[in-house]
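Trainee: I am new to this structure. Please show me how to read its features, one at a time.

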Amino acid sequence: MGMIEVEDFKKSFGSKQVHKGVSFYVKTGECLGLIGGSGAGKSVILRSLIGLERPDSGKIVIDGTEVTALKERELVEVRKKVAYVFQGGALFDSMTVFENLAYPLREHTQLSETEIRRKILHQLEEFGLGGNENLLPASLSGGMQKRVGLARAMMMSPEVVLYDEPTAGLDPYNTKKIQEHILDLKRRGVTSILVTHDMPTAFAVCDKLAILLNGRIEAQGTMEQLEKDSKGLIAKFINGEAA
Amino acid sequence: MSVFAAPLGAFLFESLNILGGMGILSGRILKDLFIGRFYLRLVVEQIYVIGMKSLPLILITATSIGMVMSLQFGLGLEKFGGKMYVPKLVTATILREMGPVFTSLMLAARVGAGIASEIGSMVVTQQIDAIRALGTSPIKKIVIPRVLACLVTLPLLVGVTNFVATVGGLLIGATELNIDANFYYLKVLSTAGISDYVSGIGKSLFFAIFISIPACYYGLNVKNGTKEVGSATTKAVVVASILILVGDFFLSKLFWVVERWV
């Protein structure tokens, strides 16, 4: 049915059941915005999509592969085509920007060092980070770190991208830059899920939204559908009346 | 009785939990060591970090051990006219016990703490998650290089300690105790047998495991932010030190039995 399918996803932490049966799907080339209050478990769903967490029960299928049935070693193939953009960038702080970007290429391709260098310098230019290749992540601003994280995630030309709050804590300029990158990837046919609290970004880049509330997806659909059918959940969420 | 039973039960449960966790980690290391890519460059890097950078600390400790032991044995045995036994005693003690144990304790403090805090920080900043998300294994990229580097460097550092401590002992023997340096040197050569070296170096291989596995285990199990990095580091050093000191007795027994048998 979709590029990403999540069916009856349940997950507890200790005695607290956070997900009580989450189900949704994302079609190829679509961008789904997953919204909900802090602690609702949005990031846990995102992490589970590439096997960083395991659900207690339920099924996750990406491009026909049931991720939940795979062992850690078997997840490598899934992780090559599904990129994860971490909230804080999760850059390797002992490596330079260049080495961070070279990491997936050196691990998963047979490219020569010259070819790797060419690709990385091109990628850095695309993300407005040219000239920063020899810097360590600690020398970069928060916005630049996020963009480097995004650039690293894109190095393997993934079919699916999972964004975990990519604009959190960013100024309007960097937020706009990130939005442009997400839209650019969408134009190239990349399927994505965006976890965010930043509603303007969600409205700007997502084709549809899913609202995670009380451990379930309470409403999902396009903006128009949600405005009509979601009992005003979007408005309540924006106004701080639902979390 | 029940006042003690509950904490004791909790302690035993926690100990079993930790031992189980370390056992699982060791199993994964053994499995991943022989499957897929091997990162030799990372092992060499860690050998440099663990070995070369520990050298100044080891040199100072070794010199001190040799000098103190020589002095204490000399002053103690002098009362009974046994000063001439100092080279024999110092050499045997250094090679079999003090060399491996002190080097390992120093490495547990410096390297064990370093590994636990580094990995713990990587967990907190999601770098370990990033390694996995990028289709690679933290066991292969982070844990195995550190464990192997400890296995390679600790015996070498013990060798350095043995040599430097013996020289330290000889210096004190010659200067403070008035033992002829040539006599001391010849006694060292005649005392040190292959079994002494095998026992000391053999034990250091076990100690390398006792240092690196708890350090990696506690680092990887940091869950609640940076505050836990500090406690993980402390636990890694404490557990490694206990394992070294308690393990030393059993390993000493083991090597004595093996020597007799061989």
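Mentor: Start with a hairpin: S1(A) and S2(A) form one, with two residues between them. In the turn, Gly14(A) has a positive phi of about 65°. Helices (H or I, at least four residues) and strands (E, at least two) are DSSP runs, numbered from the N terminus.

Trainee: What kind of model is this, and how are things numbered?

Mentor: This is a predicted model: local features need pLDDT of at least 70, side-chain atom pairs count only at pLDDT 80 or more, and totals for chains, interfaces and linings use all residues. Residues are numbered from 1 along each chain as its sequence is written, chains are lettered from A and ligands numbered from 1 in the order in which they are written, and side-chain values use heavy atoms, with hydrogens and water left out.

Trainee: How many bridges join S1(A) to S2(A), and do the strands run parallel or antiparallel?

Mentor: The general idea comes first. Strands of a sheet pair through backbone hydrogen bonds, either parallel or antiparallel. Two strands pair if DSSP finds at least two bridges between them. Here, strand S1 (residues 4-13) of chain A and strand S2 (residues 16-26) of chain A run antiparallel, joined by eight bridges. Glu5(A) has Tyr25(A) as its bridge partner in S2(A). For Ile4(A), the partner in S2(A) is Val26(A).

Trainee: What stands opposite Ile4(A) in S4(A)?

Mentor: Ile62(A) does. Strand S4 (residues 57-62) of chain A is joined to S1(A) by five bridges, and the two run antiparallel.

Trainee: In what order do the four strands of this open sheet lie?

Mentor: The order is S2-S1-S4-S5 (chain A), with antiparallel pairing. S2 and strand S5 (65-66) of chain A stand at the edges; each has a single partner strand, so one side of each is left without a neighbour in the sheet. Helix H1 (residues 42-49) of chain A packs on this sheet and touches S1, S2 and S4 of chain A. The direction of H1 makes about 120° with that of S1(A). Axes are lines fitted to C-alpha atoms, for helices over the stretch in contact, and angles run from 0 to 180 degrees between N-to-C directions. Contact means heavy atoms within 4.5 Å.

Trainee: Which strands make up the open sheet of six?

Mentor: Read them in order: S6-S7-S8-S3-S9-S10 (chain A), with mixed pairing. Strand S6 (82-85) and strand S10 (216-221) of chain A stand at the edges, each with a single partner strand, so one side of each is left without a neighbour in the sheet. From one strand to the next, the twist averages 15°. Helix H5 (residues 142-154) of chain A packs on the sheet, touching S6 and strand S7 (160-164) of chain A. The direction of H5 makes about 170° with that of S6(A).

Trainee: Do S3(A) and S9(A) run parallel or antiparallel?

Mentor: Parallel: five bridges join strand S3 (residues 31-36) of chain A to strand S9 (residues 208-213) of chain A. Leu34(A) stands opposite Ala210(A) in S9(A).

Trainee: How many aromatic pairs does a search of the whole structure find?

Mentor: Five, over all chains. Rings of Phe, Tyr and Trp (its six-membered ring) pair if their centres lie within 6.5 Å; planes under 30 degrees apart count as stacked, over 60 as edge-to-face and the rest as tilted. Phe92(A) and Tyr103(A) form a tilted pair, 4.9 Å centre to centre with 45° between the planes.

Trainee: Now chain B. Which elements does chain B have?

Mentor: Chain B has nine helices and zero strands.

Trainee: At what angle do H2(B) and H6(B) pack?

Mentor: About 50°, for helix H2 (residues 40-50) and helix H6 (residues 138-175) of chain B, with their axes 8 Å apart. Angles under 35 degrees count as roughly parallel, over 145 as roughly antiparallel, 65 to 115 as roughly perpendicular and the rest as oblique. H2(B) and H6(B) are therefore oblique to each other.

Trainee: Which helix does H4(B) cross at roughly 45°?

Mentor: Helix H7 (residues 181-191) of chain B; its axis and that of helix H4 (residues 86-124) of chain B come within 8 Å. That makes H4(B) oblique to H7(B).
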